[in-house]
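Biologist: I would like to go through this fold step by step. Can we start with the sheet and then turn to what lies across it?

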Amino acid sequence: MERAVIKFSSEGCGTCHRMSFYDQKVAEELGLRFIDVKMQDTATYRQYRKILLAQYPDKKDMGWPTYIVCAEPETEFQVLGEVKGGHPRGEFKSRLQAVLEICPS
């Protein structure tokens with residue numbers, strides 16, 4: 001089972017930019033595939049939109065950025081959890097680990 005973290009962010013978001021210095025590395029350290037989806041990149045956004053809308057049907061209450069952890073993102077995906085907003089590296093890693101502990105592979 002492939003597990004991935006999908007980062008939904010905006011090019012103009014300062015917090016999203018700061019997180020980009022370590023978010024992919026942290027995800028890969030935890031054995032997750034990292035998928036970066038900028039809302040302005042319509043082709044990539046369209047590809048993963050169904051996953052975002054499964055968690056946020058009207059996009060209300062999203063954080064910037066929003067990281068959705070899911071299994072099988074390219075096929076019959078299953079949302080496992082999420083991490084919303086900006087966090088220091090250690091806290092971000094802890095929050096991702098907590099999602100993975102709830103849903104072991």
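Modeller: Two strands pair if DSSP finds at least two bridges between them. Keep in mind that this is a predicted model.

Biologist: Which strand is joined to β1 by six antiparallel bridges?

Modeller: Start from one residue pair. V5 stands opposite V69 in β3. β1 and residues 66-71 run antiparallel, with six bridges between them. That partner is β3.

Biologist: What is the bridge partner of K7 in β2?

Modeller: β2 covers residues 33-38. Six bridges link β2 to β1, and here the sense is parallel. Within that pairing, K7 has as its partner D36.

Biologist: What is the strand order of the sheet?

Modeller: Take the pairings in turn. β2 pairs with β1 in the parallel sense, and β1 pairs with β3 in the antiparallel sense. β3 then pairs with β4, antiparallel, over six bridges. The sheet is open, its pairing is mixed, and its order is β2-β1-β3-β4.

Biologist: Which are the edge strands?

Modeller: An edge strand here pairs on one side only. From strand to strand, the twist averages 20 degrees. The edges are β2 and β4.

Biologist: Which residue of β4 is the bridge partner of Y67?

Modeller: β4 spans 78-84. Its six bridges to β3 are antiparallel. Across them, the partner of Y67 is V83.

Biologist: How many of the seven residues of β1 are buried?

Modeller: In a regular strand the side chains alternate between the two faces of the sheet. In β1, R3, V5, K7 and S9 point one way, while A4, I6 and F8 point the other way. Residues on both sides are buried. The count for residues 3-9 is seven of seven.

Biologist: Is C13 buried or exposed?

Modeller: The cut-off for buried is under 20% relative accessible area. C70 has 0%, so C70 is buried. C13 has 15%, so C13 also counts as buried.

Biologist: How many disulfides does the structure hold?

Modeller: A disulfide needs a pair of cysteine sulfur atoms within 2.5 Å. By that cut-off, the number of disulfides is zero.

Note on methods
Residues are numbered from 1 along each chain as its sequence is written. This is a predicted model: local features need pLDDT of at least 70, side-chain atom pairs count only at pLDDT 80 or more; totals for chains, interfaces and linings use all residues. Side-chain values use heavy atoms; hydrogens and water are left out. Buried means under 20% relative accessible area, exposed over 50%, partly exposed in between (1.4 Å probe, protein chains only). Helices (H or I, at least four residues) and strands (E, at least two) are DSSP runs, numbered from the N terminus. Axes are lines fitted to C-alpha atoms, for helices over the stretch in contact, and angles run from 0 to 180 degrees between N-to-C directions.
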